Amino acid sequence: MCGIIGYVGNENATPILLDGLRRLEYRGYDSAGVAVFENDDVKIQRTEGKLSNLELALAESPIKGSFGIGHTRWATHGHPTETNAHPHRSGDIIVVHNGIIENYLELKDLLAADGQVFTSETDTEVICHLIDYHYQLNGKDTLNAIRESITKLKGSFAIVIMNAKERNRLYVAKRGSPLVVGETKDARFVASDIPALLPYTKDMLFLEDGDHAVLSSEGIELFDENGANIEREFQHVPWSPLMAEKGGYKHFMLKEIFEQPKIMQDIFTGRVSGARSTIVLDELKGLFDGNKARFDRISIVACGTSLHAAMIGKHMIESLARVPVSVDYASEFRYREPILDERTLVIPISQSGETADTLAAEKLAKERNCPVMAVCNVVGSSITRIADATLYIYAGPEIGVASTKAFTAQLVVLYIFALYLADKLNKIENDILKERVAELLTLPRLLKQALSLADDVMRIAKDISDASNILYIGRRLNFPVALEGALKLKEISYLHAEGFAAGELKHGPIALIEQGTPVVAVVPQDGTYDKILSNIEEVKARGAYTIAIASDQDESISSKVDEVIAVPKTSKYLTPIVAAIPMQLLAYYVADHKGTDVDQPRNLAKSVTVE
Ligand code: F6R
């Protein structure tokens with residue numbers, strides 16, 4: 001969601017702020033702005049739409065100064081207009097904000113009654129006026145005005161504040177929304193996400209809820225929620241700025257799809273040994289007493305693509321380790337009174353580690369004394385800080401809004417976890433484990449083979465890109481792959497698509513089939529092969545245009561469907577990972593053919609930090 005960047009140093013702040021905002025563009029936004037201190041005052045420039053509009057405006061009326069703040073806004077309260085764009089100003093107080101202030105109307109009424117005049121529809125402007133109000137009241141002490149104000153805010157926020165009367169000084173505070181701080185010899189930085197700081201430093205300080213800080217030419221002063229001076233450790237982020245660039249690909253999404261074979265090695269290193277046929281997950285020591293698990297059942301919570309990975313993970317864990325697993329939409333979890341106790345391992349799965357609903361579900365689990373094991377990509381993110389243990393998916397920065405490499409990385413990590421658990425609990429024989437490990441290590445090759453089908457998939461994508469409705473079907477582990485294929489397509493191409501468990505079609509959805517409706521089916525040569533072929537016959541009989549993602553050893557499939565995408569044959573556990581590749585490519589090429597904004601699709605944000 002909203003992107004935040006702040007800089008205090010010796011350089012001209014404006015290009016640094018713009019570069020930071022560019023690196024945060026992937027989070028999704030619809031307006032942008034900067035505030036920079038120039039000639040004894042703070043100048044603000046804001047524009048609707050993409051960053052290029054802001055760059056143009058700043059080229060026409062440059063602002064030059066050595067400290068400032070920048071923001072990309074994803075509209076929540078009020079339209080994406082220039083007046084609603086951040087930064088907001090009240091008196092000398094200038095604020096950018098990410099999050100949602102739930103009691104903003106109440107506060108706005110109080111402040112308006114006191115004579116404060118509001119110019120926007122946003123909740124953020126309330127923060128600005130509230131700080132200004134306390135600032136005037138307390139004899140112009142900015143830090144205390146911020147402290148008093150944040151105690152009155154309900155909801156979530158990451159805020160960066162400037163005072164037009166104070167040079168080379170930024171104030172930051174957070175509750176619920178992420179903020180990360182970094183420094184070099186001459187400069188201090190703050191941002192809502194890691195990529196904005198990568199060109200300057202890889203050592204970052206992740207603020208905790210309640211933390212607030214002063215960033216100035218002298219350094220970083222950090223305080224906890226009680227106002228006590230504290231120190232927190234900086235964490236090393238093993239990403240390079242290059243990893244967060246397109247590297248010659250037309251879109252980040254395409255680059256990330258093609259990175260998938262390569263990231264497998266990062267996931268395996270130190271965990272999967274081919275030579276010894278073992279799986280080692282030292283990160284999980286705390287969840288076991290020797291070989292005994294500290295849990296009897298598992299509850300996975302996640303949203304969107306991560307939820308689809310969770311659904312496949314459930315199959316893997318239950319089938320291999322025989323531990324019961326439930327899967328919940330994180331957004332529903334808290335509201336359904338889940339049965340949780342200290343023997344329920346709760347697994348929040350999140351690429352960003354900042355998804356508000358997943359974080360809230362995780363906090364509920366902690367309140368109920370459940371052990372928590374996060375599956376996450378972003379080192380130091382909120383979800384990892386709360387968890388008792390984290391299985392990192394090591395996918396590298398994922399910039400395209402549509403999640404691709406994080407999905408397959410989540411699946412691989414969940415599979416490794418399932419094998420590890422099965423081994424610990426004595427639910428898998430050594431020979432079988434050996435076979436599974438050996439097969440797992442072939443995954444980079446299998447994914448490369450699947451990627452080599454890109455041209456075929458592109459041709460099929462062009463053929464179906466005029467459809468108004470596309471259905472995806474699969475069974476067992478491949479039913480969530482169908483859901484994921486449909487999600488990918490709708491989010492970036494804006495075509496209507498739905499995924500179904502193939503056996504469910506005749507209970508309703510088959511009514512959607514018209515002459516030519518594309519139906520994409522995952523058809524592995526496993527125990528469900530005949531069943532899914534019958535489902536394909538049923539839709540064909542009603543005029544569907546059928547596309548099978550099938551095994552390359554299936555010689556008869558081409559006579560049964562209109563198009564075949566032949567992926568390498570593998571076990572039932574790896575098939576969803578391999579089948580995900582053509583699903584991603586299909587969505588990508590349809591969207592590219594239609595000319596949509598693939599990396600930043602409309603209305604979407606990369607990291608959903610509000611409920
Ligand atoms: C879809 C997509 C979203 C995310 C969801 C959860 O391509 O990216 O559905 O999967 O918002 O995000 P994380 O995994 O960061 O919690």
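I began with α8 and helix α12 (residues 405-424): their axes come within 9 Å and cross at roughly 20°. For my own record, axes are lines fitted to C-alpha atoms, for helices over the stretch in contact, and angles run from 0 to 180 degrees between N-to-C directions. Helices (H or I, at least four residues) and strands (E, at least two) are DSSP runs, numbered from the N terminus. The angle makes α8 roughly parallel to α12 (under 35 degrees counts as roughly parallel, over 145 as roughly antiparallel, 65 to 115 as roughly perpendicular and the rest as oblique).

Then I checked who touches whom, with contact meaning heavy atoms within 4.5 Å. On the α8 side I found, among them, Thr305, Ala309, Gly313 and Leu320, and on the α12 side residues including Phe407, Leu411, Tyr415 and Ala422. By class, this contact has 16 nonpolar, 5 polar and no charged residues. I count Ala, Val, Leu, Ile, Met, Phe, Trp, Tyr, Cys and Pro as nonpolar, Asp, Glu, Lys and Arg as charged, and the others, Gly among them, as polar.

A note on the source: this is a predicted model, where local features need pLDDT of at least 70, side-chain atom pairs count only at pLDDT 80 or more, and totals for chains, interfaces and linings use all residues. Residues are numbered from 1 along each chain as its sequence is written, and side-chain values use heavy atoms, with hydrogens and water left out.

Next I turned to α8 (residues 304-321) against helix α16 (residues 479-493), where the angle is about 170° and the axes lie 8 Å apart. That makes α8 roughly antiparallel to α16. This contact divides into 7 nonpolar, 3 polar and 2 charged residues. The crossing of α8 and α16 is left-handed.

Last, I looked up the sheet. It is open, with 8 antiparallel strands in the order β3-β2-β4-β1-β10-β9-β11-β15 (strands pair if DSSP finds at least two bridges between them). β3 (41-48) and β15 (235-236) each have a single partner strand, so one side of each is left without a neighbour in the sheet. β15 pairs with β11 (residues 203-206) over 2 bridges, and Gln235 is the bridge partner of Met204.

Notes
Left-handed = near helix turned anticlockwise from the far one by under 90°.
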